[in-house]
Amino acid sequence: MREDEIVKATGAEVLKKGKNLDDYSFSTDTRTIKSGDIYLPLKGENFDGENFIQEALNKGAVGYFTTQGKVYDEAGVIFKVENTLDAYLKLANFYKNKINPKVVGITGSSGKTTTKEMVYSVVKEKFKTVKTFSNHNNEIGFCQTVFESQPDTEVLIIEMGMRGLGEIELISRYAEPDFAIVTNSGSAHIGRLGTLENIAKAKCEIAKFLNPNGAFIALNQQRIKDVLEYLGEKIYYSIDDVQVIENRPSYSKYVYKNNEYELFVEGDYNIENSLSAIEVGFKLGMTYEEIKQGLASYKPIEKRWEVEKIGDLKLINDSYNANPESMKASVKTFIELYENPVVVLGNMGELGENEVLYHREVGQFLSKVSAKNVKFLTVGNLASKIGEELLNQGFEVSSFDNNEQVSRYILDNLNVDYTIFLKASRSMKFEEIIEVLKRGKQ
């Protein structure tokens with residue numbers, strides 16, 4: 001962006017004027033700043049990026065933003081703003097509007113990153129597409145994603161996460177999505193938001209700045225419908241709209257709205273997530289063949305149903321994150337598709353004062369859908385509550401305090417006959433289990 005565009009976007013006061021000839025790029029991190037960048041120092045509870053302006057200049061920054069008005073002589077250009085995060089968001093919005101891609105916003109209690117990857121797999125079949133990197137789904141990640149876009153980017157896919165009310169609305173304000181997807185509204189973050197209704201409200205904030213001529217695409221869930229205020233086109237979907245033809249390990253075939261699709265992943269919940277990608281594809285004018293090919297090319301990302309062989313042990317690592325809905329869905333799929341299943345479950349986080357109840361409910365659910373040949377291993381004080389419910393119904397359950405203990409049990413007691421499934425919140429660090437198993441199998 002040129003200097004005059006920066007001023008127009010942010011309303012900045014120019015403390016030192018450049019030549020207004022160059023297109024500037026922005027960096028918020030002195031560790032990765034490149035020569036010629038403008039340093040944009042962000043602030044947090046425990047840090048102030050303005051303390052590193054001199055370091056940024058030493059590493060080649062041509063200028064910087066400031067809220068304090070301090071002038072360094074070696075800077076080529078200096079902008080003063082009231083709030084650097086606000087400036088970053090305004091710059092991202094200005095640049096987005098300048099290149100003018102179609103914007104797809106995605107949120108949900110679970111499945112949003114998987115859905116983002118599925119939408120990307122579909123849309124890139126026809127359009128030059130940029131997506132949110134990994135799980136960088138806050139307002140800073142939004143800005144980073146926008147600035148990854150090139151002038152010829154045609155579709156921008158923005159994943160929107162949240163920890164409280166107002167956060168998705170903030171991203172939506174600057175993203176201005178043409179299409180908004182809500183994968184579901186469950187109990188994730190209920191510890192922060194208090195009620196399921198508040199969670200649904202937070203998710204539906206994605207529609208606050210949705211293009212009136214766009215479309216809201218969501219799971220057919222009553223609590224979403226009850227709080228949604230968007231007046232434009234609404235498309236609801238669910239697994240009930242699908243005829244499943246085949247569902248086996250690493251493969252699904254199904255019919256949706258008279259068209260047949262394939263996914264090289266298993267599970268009804270993955271099929272359900274793919275329906276929003278289909279809807280977006282058609283709204284963007286893609287052909288059935290393009291959408292079908294896009295879904296067939298989808299591959300799960302790290303720690304999401306990641307199949308791994310360690311010695312003679314076969315593991316499926318789905319420990320990227322967990323909440324009651326995703327744990328129920330993924331474990332149910334696993335035990336339906338694999339022989340001699342062993343399920344390793346860890347604590348689920350951010351469930352608030354009813355966290356014990358939510359864990360017990362998972363145990364009660366699994367006791368109804370599991371065959372007696374399923375072995376359950378739990379790690380942590382909360383996951384043990386899942387185990388207690390299963391134990392009461394006659395299932396084989398072993399409970400452990402930490403990852404090292406459960407790893408030793410697996411090494412000592414399980415062999416090639418079993419397939420092991422890992423599911424927990426990220427805070428449980430289940431990757432440690434895999435590391436111990438690899439050392440033990442060397």
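Predicted model: local features only at pLDDT ≥ 70, side-chain atom pairs only at ≥ 80, totals over all residues.
Q: What volume does the second largest pocket have?
A: About 770 Å³. A pocket is an open set of points on a 1 Å grid over the protein atoms alone, where a 1.4 Å probe fits, with protein on both sides within 12 Å along at least five of seven lines. The volume is the space filled by probe spheres set on the points, which are joined across faces, edges and corners.

Q: How many residues line the second largest pocket, and which lie nearest its centre?
A: There are 27, with Ser25, Phe26, Gln144, Phe147 and Glu148 nearest the centre. Lining residues have an atom within 4 Å of a point.

Q: What classes are in that lining?
A: Ten nonpolar, ten polar and seven charged residues. Ala, Val, Leu, Ile, Met, Phe, Trp, Tyr, Cys and Pro count as nonpolar, Asp, Glu, Lys and Arg as charged, and the others, Gly among them, as polar.

Q: Which element gives the most to the lining of the second largest pocket?
A: α5, with five residues. β2 (26-27), α3 (84-99), β7 (129-131) and α5 (139-148) each supply at least two. Helices (H or I, at least four residues) and strands (E, at least two) are DSSP runs, numbered from the N terminus.

Q: Which residues of α5 are buried?
A: Gly141, Phe142, Cys143, Thr145 and Val146. Buried means under 20% relative accessible area, exposed over 50%, and partly exposed in between (1.4 Å probe, protein chains only). The cover over the buried residues of α5 includes α3, β7, β8 (155-159) and α6 (167-175).

Q: Which residues touch the most other members in the largest nonpolar core?
A: Ile6, Phe65, Phe142, Phe216, Val343 and Phe376, out of 74 residues. The largest share of this core, eight residues, comes from α3. A second, separate core of 32 residues includes Phe127, Phe179, Ala215 and Leu219. A nonpolar core is a set of buried Ala, Val, Leu, Ile, Met, Phe, Trp, Tyr and Cys residues joined through side-chain atoms within 4.5 Å.

Q: New topic: where is serine 109, and is it buried or exposed?
A: Serine 109 is in the loop between β6 (102-107) and α4 (112-123). With a relative accessible area of 7%, serine 109 counts as buried. Leaving aside neighbours within four places in sequence, its contacts (heavy atoms within 4.5 Å) include Thr183, Asn184, Ser185 and Asn323.

Q: And where is serine 250?
A: In the loop between β12 (242-248) and β13 (251-256). Serine 250 counts as partly exposed because its relative accessibility is 34%.

Q: What is the phi of asparagine 258?
A: About 70°, a positive value, although asparagine 258 is not a glycine. Asparagine 258 is in the loop between β13 and β14 (259-263) and is exposed, with a relative accessible area of 78%.

Q: What about phi of asparagine 340?
A: Near 45°, also positive in a residue other than glycine. Asparagine 340 sits in the loop between α12 (324-337) and β17 (341-346), and is partly exposed at 32% relative accessible area.

Key
Residues numbered from 1 in each chain as written. Heavy atoms only, no water.
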